[in-house]
2 protein chains.
Amino acid sequence: MPRATIFDVAKLAGVSIKTVSRVMNREPNVRATTRERVEKAVAELGYLPDQSARNLASRRSHLIGLVYDDPAAYELPSSGYIINLQQGALEACRSKRSELLIHPCNFRKKEVAAQLTSLIEETRPAGIIVAPPLSNMPKIVRAIESTGTPCVQISPGKQNGKHLSVATNDREICAEMTRYLASLGHKRIAFITGDPDHKAVGNRVLGYQDGLKDSGLKFSDKLVVSGDNSLGSGEAAAKKLLGRKLRPTAIFAANDDMAVGVMRAADRLGIKIPEQLSVAGFDDIVLARQVFPALTTVKQPLDDMAELAATMLLEGESEDDSTKGTKVVPAELKVRESTGPAPD
Amino acid sequence: MPRATIFDVAKLAGVSIKTVSRVMNREPNVRATTRERVEKAVAELGYLPDQSARNLASRRSHLIGLVYDDPAAYELPSSGYIINLQQGALEACRSKRSELLIHPCNFRKKEVAAQLTSLIEETRPAGIIVAPPLSNMPKIVRAIESTGTPCVQISPGKQNGKHLSVATNDREICAEMTRYLASLGHKRIAFITGDPDHKAVGNRVLGYQDGLKDSGLKFSDKLVVSGDNSLGSGEAAAKKLLGRKLRPTAIFAANDDMAVGVMRAADRLGIKIPEQLSVAGFDDIVLARQVFPALTTVKQPLDDMAELAATMLLEGESEDDSTKGTKVVPAELKVRESTGPAPD
DNA sequence: GTGAAAGCGCTAACAC
DNA sequence: GTGTTAGCGCTTTCAC
């Protein structure tokens with residue numbers, strides 16, 4: 001038995017196909033009783049609109065594309081970050097009868113931009129969500145926008161009234177974490193910076209500096225070591241920091257992977273956490289709760305951010321110029337076991 | 001400027017649209033010179049076929065659906081498992097001009113089956129890949145197959161000639177891991193079983209028993225404790241095991257999450273790994289290399305398995321009855337730092 | 001080997 | 001409020 005089409009429903013309900021279409025798309029201008037009749041017919045026939053037909057006729061699909069940096073390009077990539085993004089976007093899609101297309105891509109390759117535009121032109125998604133660090137690369141964003149597809153950037157690093165974006169308060173929350181560390185009596189609080197390609201992460205050092213200032217501590221560039229967001233780089237940075245005669249009593253890393261790297265370095269050096277060293281991270285990916293001691297970190301609301309981004313796309317906010325700009329979803333501190341009072 | 005359509009290409013190349021279609025779909029019966037002319041026109045116009053139109057006309061999309069257990073339903077879900085699956089499937093999609101639709105779903109909910117069928121009927125995917133434990137639930141598999149959509153099961157637990165599936169040699173490789181542990185001098189090797197919903201994981205205990213036998217060790221059900229695949233359950237199981245007067249010197253957990261739980265329990269009890277206790281896991285998700293000491297485990301080739309599954313779907317193997325059955329992608333041991341010689 | 005014509009199942013524009 | 005009529009850009013069928 002072939003599937004019911006919009007014609008079958010129309011015939012059964014005794015209306016035209018246009019009316020069925022209106023009911024299916026929740027459009028106004030349908031009398032309540034008519035709507036009910038149609039809904040009854042839909043239920044009876046088990047009618048499900050064919051997305052391909054919808055897409056072709058409306059010249060846009062009900063797909064949302066999620067574009068992010070391909071984890072396969074890295075050594076020990078934490079997948080929690082991506083999963084959180086996916087979950088948020090999926091949540092929004094579920095309530096809006098859409099589907100999510102995932103598209104990891106390696107920005108180091110020449111062909112990224114071309115691949116992105118083909119993907120978009122072929123599937124005609126209703127919109128694209130770009131995750132950092134891709135979201136702060138003009139080349140990428142331009143490629144997407146050149147297709148005319150609405151695009152929301154996640155944490156593009158700096159605000160920009162011309163684009164839609166969703167971010168968190170990286171700087172403020174990092175100041176807060178730093179003040180928290182200081183409040184535990186730490187005087188030498190080190191910071192490990194992240195991937196320079198990832199702009200939003202750059203705002204985190206700034207927050208660290210703010211926090212030091214707020215706490216009456218002096219900033220010293222000796223206490224800032226650079227990493228690249230990878231666990232290994234955190235470990236290397238921590239080795240440097242902990243190898244000194246006067247070593248820091250707390251290390252704040254710009255992301256969780258690097259913070260776990262710090263924990264590993266401490267473990268190798270026989271330094272106890274949190275008794276001899278406090279460690280804090282940023283993101284609150286699952287890994288933060290899988291390691292022991294559990295990592296104190298900043299919960300970046302990636303799922304909420306992605307959900308918001310998807311909702312904006314699905315509700316067509318991009319057409320409305322007044323809404324352009326950055327929406328901020330605030331982060332929060334998650335104090336767990338890896339931080340404690342400063343040693344004497 | 002509106003996008004080029006198949007008509008534009010046909011006109012420029014001086015052929016009919018059918019010929020363009022043949023070229024685009026790599027169909028036979030096109031003269032080489034004609035093909036070249038068409039390809040030149042395609043390049044010149046930057047023509048990209050509209051997927052929606054293709055899908056509508058051919059009554060099937062070029063989408064592959066990946067269905068897996070929703071991690072959001074769990075406490076500390078390791079996302080590495082899912083990411084590996086996604087990566088493999090994406091790899092196959094990339095080379096076949098298809099896209100991947102991800103669909104986490106919670107099998108504990110009544111509506112799963114209905115949601116799955118709507119997803120499928122609406123998007124008409126070329127095929128569905130079901131991951132465990134969903135892949136061993138008749139209710140789920142039946143729902144998918146009732147739509148007539150080809151389906152490949154990943155690790156369905158037991159073979160079945162009527163379905164397409166991809167699995168790994170769980171049992172054999174677990175025997176190997178057990179023999180390896182025994183070869184290090186361990187006499188009391190414990191095993192933590194996994195989620196009973198997840199059938200393939202059940203084969204792992206069997207392998208453990210085989211391995212004991214091969215090594216001349218006696219099986220004792222005292223040394224087998226049950227878990228549910230979660231980190232917390234591994235920790236709880238380890239606490240039981242390690243609280244005994246005569247405790248095991250090695251613990252083999254049916255997945256990495258539980259193995260990390262064991263490591264955490266040992267950490268809390270002040271038991272050194274691998275000096276006092278060897279720990280082994282299964283899966284080789286990133287977490288295995290993020291913890292310290294790095295976890296000895298079985299590398300389950302999930303990415304290759306998913307890639308194979310997607311390829312089977314994309315190449316239409318499902319139509320060919322002779323290929324039905326289970327394809328096996330072998331796993332391999334990854335010896336790292338968490339296992340060592342048995343203590344005296 | 002190639003082409004003409006007839007849909008695929010919807011939405012859009014406009015008439016009523 | 002509701003219906004009519006054209007397409008959307010392809011694949012399919014079948015003729016040549």
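**Reading a predicted protein–DNA model**

Q: Which helices supply at least two residues each of the surface near DNA strand D?
A: Both chains take part: helix 2 (17–24) and helix 4 (51–58) of chain A, and helix 2 (17–24) and helix 4 (51–58) of chain B. Helix 4 of chain B provides the largest share, five residues.

Q: What does chain A look like as a whole, in helices and strands?
A: Chain A has 13 helices and 12 strands. Its C-alpha trace spans about 85 × 40 × 40 Å along the principal axes. Of its 344 residues, 52% count as buried. Among contacts in chain A with a separation of 6 or more, 74% are between residues 24 or more positions apart.

Q: In what order do the strands of the open sheet of four strands in chain A run, and is the pairing parallel or antiparallel?
A: Strands of a sheet pair through backbone hydrogen bonds, in either a parallel or an antiparallel sense. Here the order is 7-6-8-9, with parallel pairing. Strand 7 (224–226) and strand 9 (278–280) of chain A are the edge strands, each pairing on one side only. On average, neighbouring strands of this sheet are turned by 20° against each other, direction ignored.

Q: Which helix of chain A packs on the sheet, and which strands does this helix touch?
A: Helix 9 (residues 199–214) of chain A packs there, touching strand 6, strand 7 and strand 8 (250–253). The direction of helix 9 makes about 165° with that of strand 6 of chain A.

Q: How many bridges join strand 6 and strand 7 of chain A?
A: Strand 6 (residues 189–193) pairs with strand 7 in the parallel sense over three bridges. A:Thr193 stands opposite A:Ser226 in strand 7 of chain A.

Q: How many residues does each chain give to the contact between chain A and chain B?
A: Chain A gives 40 residues and chain B gives 40 residues. On the side of chain A, the elements giving two or more residues include helix 4, strand 2 (99–105) and helix 11 (256–269). Helix 5 of chain A has the largest share, six residues. By class, this side has 21 nonpolar, 12 polar and seven charged residues.

Note on methods: Residues numbered from 1 in each chain as written. Chains lettered and ligands numbered in written order. Predicted model: local features only at pLDDT ≥ 70, side-chain atom pairs only at ≥ 80, totals over all residues. Pairing = 2+ DSSP bridges. Axes fitted to C-alpha atoms, helices over the stretch in contact; angles between N-to-C directions. Contact = placed C-beta atoms within 7 Å. Buried ≥ 20, exposed ≤ 12 C-beta atoms within 10 Å, placed from the backbone. Nonpolar A, V, L, I, M, F, W, Y, C, P; charged D, E, K, R; others polar.
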